[in-house]
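Please look at the model shown below before reading on.

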Amino acid sequence: MIEASCHCGAVHIEVETAPEAVTDCNCSICRRYGTRWAYYSPKQVRITPAETATEIYKWGDKRLEFHRCRVCGCVTHWAAVEKTHDRMGVNTRLMAPEVVAAARVRKLDGADTWTYFGE
Ligand SMILES: [Zn+2]
């Protein structure tokens with residue numbers, strides 16, 4: 001079990017497996033947040049408390065919810081608005097450094113081509 005939490009501890013996230021790779025995306029939102037995402041099925045992610053601890057930001061086509069802690073502001077995860085979508089992103093910046101140290105960092109050109117580069 002791998003745990004992640006925001007700075008103040010109000011939001012806890014548990015996933016079954018440590019990320020093998022994390023995505024460092026240069027799109028307009030990710031570069032500002034400074035997030036490094038690991039992707040999971042929502043079925044593999046447990047967030048507590050489930051609904052109330054985070055605020056949501058949506059932009060563009062508004063298909064994704066970017067969640068942040070209401071108290072300390074840390075970006076915790078993104079999830080699709082369409083809840084049948086079997087993919088979400090967890091911000092691995094909230095995991096212990098030793099957990100993510102072994103993960104490969106993949107650079108995603110989300111600003112333009114939506115391809116990974118430099119690998
Ligand atoms: Zn917090």
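This is a predicted model: local features need pLDDT of at least 70, side-chain atom pairs count only at pLDDT 80 or more; totals for chains, interfaces and linings use all residues.

Residues are numbered from 1 along each chain as its sequence is written, and side-chain values use heavy atoms, with hydrogens and water left out.

**Zinc site**

The zinc ion has four protein donors, Cys6 (SG), Cys8 (SG), Cys69 (SG) and Cys72 (SG), at 2.3 to 2.4 Å. Donors are N, O and S atoms within 2.8 Å of the metal (3.2 Å for Na, K and Ca); water is not among the atoms, so sites may look incomplete. The arrangement is tetrahedral because the angles subtended by the four donor atoms are 106 to 116 degrees; four donors count as tetrahedral if all angles lie between 85 and 135 degrees. For four tetrahedral donors the ideal angle is 109.5 degrees. Along the chain, the zinc donors have the spacing C-x1-C-x60-C-x2-C. Cysteine 8, in the loop between S1 and S2, and cysteine 72, in the loop between S7 and S8, are 64 residues apart and link distant parts of the chain.

**Sheet**

Strands are DSSP runs of E with at least two residues, numbered from the N terminus. Three of them form an open sheet in the order S1-S2-S5, with antiparallel pairing; two strands pair if DSSP finds at least two bridges between them. Strand S1 (2-5) and strand S5 (45-48) are the edge strands, each pairing on one side only. Strand S2 (residues 12-15) is joined to S5 by four bridges, and valine 15 stands opposite valine 45 in S5.

**Pockets**

A pocket is an open set of points on a 1 Å grid over the protein atoms alone, where a 1.4 Å probe fits, with protein on both sides within 12 Å along at least five of seven lines; lining residues have an atom within 4 Å of a point. A volume is the space filled by probe spheres set on the points, which are joined across faces, edges and corners.

| Pocket | Volume | Lining |
|---|---|---|
| Largest pocket | about 570 Å³ | 23 residues |
| Second largest pocket | about 360 Å³ | 17 residues |

Nearest the centre of the largest pocket lie Arg63, Leu64, Phe66, Trp78 and Trp114. Strand S4 (37-40), strand S7 (64-69) and strand S8 (75-80) each supply at least two residues of that lining. In the second largest pocket, Glu51, Glu65, His77, Ala79 and Lys83 lie nearest the centre. S8 gives the most to this second lining, with three residues.

Conventions. Four donors count as tetrahedral if all angles lie between 85 and 135 degrees; four count as square planar and six as octahedral if opposite donors are over 155 degrees apart and all others between 65 and 115; anything else is irregular.
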